Amino acid sequence: MKIIQSFPRAILGAWPTPLQPAQQLSRYLGCPLYIKREDMTGLGAGGNKARKLEFQLGKAQADGATHVITTGAIQSNHAHLTASAARKLGLAPHLVLSGTPVAEKSGNLLLDALMESEITFVSPPAGRPPLDTINEVMLDIAAGITKEGGTPCIIPEGGTDALGTVGYILAVEELARQLHPLGLDQKRILIVVATGTCGTHAGLVAGVRAQSHSFDILGVSVSGSTPIKLNKTAKVATETLQLAGYDHAVEPGELWIEDRYIGSGYGELTEECCNAITTAAVTEGLFLDPVYTGKAMAALLDMGQSGQLSKYDAVVFMHTGGLPLLFHYDSALVSFNK
Ligand SMILES: Cc1ncc(COP(=O)(O)O)c(C=O)c1O
């Protein structure tokens, strides 16, 4: 922890985020449920990336950055949060988004535009462009900024690198402090999180290992097969622990990831996800998103209903944000609910 405290940090969020009991929704699981409100981080429209960006942009500021470049899907929450963080710190955001420009801006793209983010669209003939292509585009933009006398900082896709991920070591410390007065910090706890670029899950794993908690962590993949996610999460968790001064390697076999709830692909709605969004809204007045948290909740409800949670004293669901996506998927969700 001492090493992390020596890292430059730009305070972007309001900590701790609330840990709220969800009594109505608990009934669907057969075990007490708490929601860790990472959607209430206090940056932009909220979400998990604030914890990573505090360290990445802390370093960027220390390095004298003037511009922040990052990348994501056209509706990326990470891109909007990076732009929010950049604006808050007086830096200029440049987003490299995969897709083609659209006339009508909704969801995160609307927020990107409101912040007058510079946007470069990268559109391959089909699907998402390879990460190498995107990285080249970001390097070209960075070179252009340098040529004009600026200092660019590139944040990787999803904000996932060891430096950003240390933010989630601190999140585990924060969570344990909140569980303590509830008498739950030494109990059997399951933490459930949606996983995309794997940084949030990896940071939680690193935090649990660093502080020797016995919490289990389930990563619900929204975009790739379990073996790919296991390897990446183990790698990022190990690098994060090393950066934070802990000598502990995480092996893929120690991790738990489910890829059964993705449906036909990243960002594609599933019936279970729509049901989970409705269930959270009806029971708790809680809003989940259709790309990340809705799928993670679909997994949790499925496991609760099939009796797989009976060994836990409580479940902590990481609400990682994504609210703007709800408004982008509005017509699909409305037609599902008809
Ligand atoms: C709302 C939301 N939840 C979860 C995630 C997954 O986080 P990670 O990319 O660190 O796996 C993201 C990533 O963009 C997100 O936007």
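**Entry 1: Val220**

I looked up Val220 and found its place in strand S8, where a strand is a DSSP run of E of at least two residues and a helix a run of H or I of at least four, both numbered from the N terminus. I noted that this is a predicted model, in which local features need pLDDT of at least 70 and side-chain atom pairs count only at pLDDT 80 or more, while totals for chains, interfaces and linings use all residues. I also noted that residues are numbered from 1 along each chain as its sequence is written.

Is Val220 buried or exposed? I found that Val220 has 26 C-beta neighbours inside 10 Å and therefore counts as buried; the cut-offs are 20 or more other C-beta atoms within 10 Å for buried, 12 or fewer for exposed, and partly exposed in between, with C-beta atoms placed from the backbone.

I then listed what Val220 touches, leaving out residues up to four places away in sequence, and the list includes Val192, Ala194, Glu258, Tyr261 and Ala299; a contact here is a pair of residues whose C-beta atoms, placed from the backbone, lie within 7 Å. I also looked up Trp256, which is 36 residues from Val220 along the chain, and the two C-alpha atoms are separated by 8.7 Å.

**Entry 2: The sheet of six strands**

I followed an open sheet of six strands in the order S1-S2-S10-S7-S8-S9, with mixed pairing; two strands pair if DSSP finds at least two bridges between them. Strand S1 (19–21) and strand S9 (257–258) stand at the edges with a single partner strand each, so one side of each is left without a neighbour in the sheet.

Further in, I saw that strand S2 (residues 33–36) and strand S10 (residues 314–318) run parallel and are joined by four bridges, with Leu33 opposite Val315 in S10. Helix H8 (residues 199–210) lies across strand S7 (189–195) and strand S8 (216–221), running at about 155° to S7; such angles run from 0 to 180 degrees between N-to-C directions, with axes as lines fitted to C-alpha atoms, for helices over the stretch in contact.

**Entry 3: The cores**

Which residues touch the most other members of the largest nonpolar core? I found Ile191, Val192 and Val315, in a core of 68 residues; a nonpolar core is a set of buried Ala, Val, Leu, Ile, Met, Phe, Trp, Tyr and Cys residues joined through C-beta atoms within 7 Å. Helix H7 (residues 162–179) gives the most to this core, with 10 residues.

Apart from this core I noted another, of 25 residues, among them Leu12, Ala65, Leu81 and Ala85. Returning to Val315, I found that, not counting residues up to four places away in sequence, Val315 touches residues including Leu29, Cys31, Leu190 and Leu309.

**Entry 4: The sheet of four strands**

I turned to an open sheet of four strands, ordered S5-S4-S3-S6, in which the pairing is parallel. The edge strands are strand S5 (118–122) and strand S6 (152–154), each of which pairs on one side only. Neighbouring strands of this sheet are turned by 25° against each other on average, direction ignored.

S3 and S4 pair in the parallel sense over seven bridges, and there Thr71 stands opposite Val96 in S4. Strand S4 (residues 92–98) is joined to S5 by five bridges, with Ser98 opposite Val122 in S5. I noted that seven of the seven residues of S3 are buried, and that helix H6 (residues 131–147) lies across strand S3 (67–73), S4, S5 and S6, running at about 160° to S3.

**Entry 5: Helix H4**

I checked the length of helix H4 (residues 77–88), whose 12 residues reach 16 Å from the first C-alpha to the last, close to the 16 Å expected at 1.5 Å a residue; the expected span is 1.5 Å times one less than the number of residues. Because 10 of the 12 residues of H4 are buried, the helix is largely enclosed by the rest of the structure.

Against what do the buried residues of H4 pack? I found helix H3 (49–62), S3, S4, helix H5 (107–114) and helix H12 (323–328). Just after H4, Gly90 takes a positive phi of about 80°.

**Entry 6: The whole chain**

Last, I looked up totals: the protein chain has 13 helices and 10 strands, and 50% of its 338 residues count as buried.

Note on methods:
Contact = placed C-beta atoms within 7 Å.
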